[in-house]
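This report describes a protein model for a reader who has not seen it before. It treats helix packing, then aromatic rings, then the chain as a whole.

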Amino acid sequence: MSRFDELLISCKKQNPQAMMEMYDICAKPVYNASLHIVMNEFDAEEIMQDSILKAFDNIGKFLGTEKEFVAFVKRIAINKSIDWFRKNKKTPFFTEVGNEAEDISDDDEEQIFSFEMIKEKIDSLPAGYRMVINLHLIDELGFEEIAEIMNVKPSTVRSQYFRAKEKLRKELAVKS
């Protein structure tokens, strides 16, 4: 039996020490997933805590691995973050687009950028672009999953992703 399996059994029995250990396993990835969307440390931390508590409320039904548990809690946090965003922001997630995603080709030139520069450029994107980039590249969700979460068509998500990628490419080209 793995350490995670032991923790899971102890958490199902409401063992505070095991729950704290499980919290420590989930906290950072769940916080980061939320922060990418809400762009506010205080709210991201609150969403992270609420998400982990909600996961603990439903832990009796959980039968997966550590990786699956973290993904489960991250999904809760992403949904809560999107709900927070909808309630607290006046700008729409997405711009209106057609049904077909644009085909944007990659440039042949390779350039090297610092992590901080790329993160800064992603953070400066419009909300819809930023969320799609973060959910797809950072949180590794597919376009269909993102569309389901955001309650839009997958083609809209793909289009927003390609537009965001093109905007990032242009922003980085200007600054290099």
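## Helix packing and aromatic rings

In this predicted model, helix α6 (residues 127–138) packs against helix α7 (residues 143–150) at an angle of about 130°, and their axes are 10 Å apart. Angles from 65 to 115 degrees would count as roughly perpendicular and those over 145 as roughly antiparallel; α6 and α7 are therefore oblique to each other. The crossing in which α6 passes α7 is right-handed. On the side of α6, the contact is made by M131, V132, L135 and H136, and on the side of α7 by F143, I146 and M150. Sorted by class, the contact of α6 with α7 has six nonpolar residues, one polar residue and no charged residues.

In the contact of α2 with α3, 14 residues are nonpolar, three are polar and three are charged.

| α6 and α7 | about 130° | 10 Å apart | six nonpolar, one polar, no charged |

The aromatic rings come next. How many aromatic pairs does the structure hold? There are seven aromatic pairs. One of them joins F4 and F69, which are 6.2 Å apart centre to centre with 50° between the planes, a tilted arrangement. F4 belongs to helix α1 (residues 3–12) and F69 to helix α4 (residues 66–88), so this pair ties together parts that are 65 residues apart in sequence. Are the two residues buried or exposed? F4 has a relative accessibility of 6% and therefore counts as buried. F69 is buried as well, its relative accessible area being 1%.

F69 also pairs with F72: the ring centres are 6.2 Å apart and the planes stand at 45°, so this pair is tilted. Both F69 and F72 lie in helix α4, three residues apart, which is about one turn of the helix. With 30% relative accessibility, F72 counts as partly exposed, whereas F69 is buried. Together with F62, the residues F4, F69 and F72 form one aromatic cluster.

For the protein as a whole, there are eight helices and zero strands. Read along the sequence, the pattern is α-α-α-α-α-α-α-α. The protein has 176 residues, of which 40% count as buried. Of the contacts with a separation of 6 or more, 69% are between residues 24 or more positions apart. The pair of F4 and F69, with its 65 residues of separation in sequence, links α1 with α4.

Definitions and conventions
Residues numbered from 1 in each chain as written. Predicted model: local features only at pLDDT ≥ 70, side-chain atom pairs only at ≥ 80, totals over all residues. Heavy atoms only, no water. Axes fitted to C-alpha atoms, helices over the stretch in contact; angles between N-to-C directions. Helix = DSSP H or I, 4+ residues; strand = E, 2+ residues; numbered from the N terminus. Parallel < 35°, antiparallel > 145°, perpendicular 65-115°, else oblique. Left-handed = near helix turned anticlockwise from the far one by under 90°. Contact = heavy atoms within 4.5 Å. Nonpolar A, V, L, I, M, F, W, Y, C, P; charged D, E, K, R; others polar. Phe/Tyr/Trp six-rings, centres within 6.5 Å; stacked < 30°, edge-to-face > 60°. Buried < 20%, exposed > 50% of the residue type's maximum accessible area, 1.4 Å probe, protein only.
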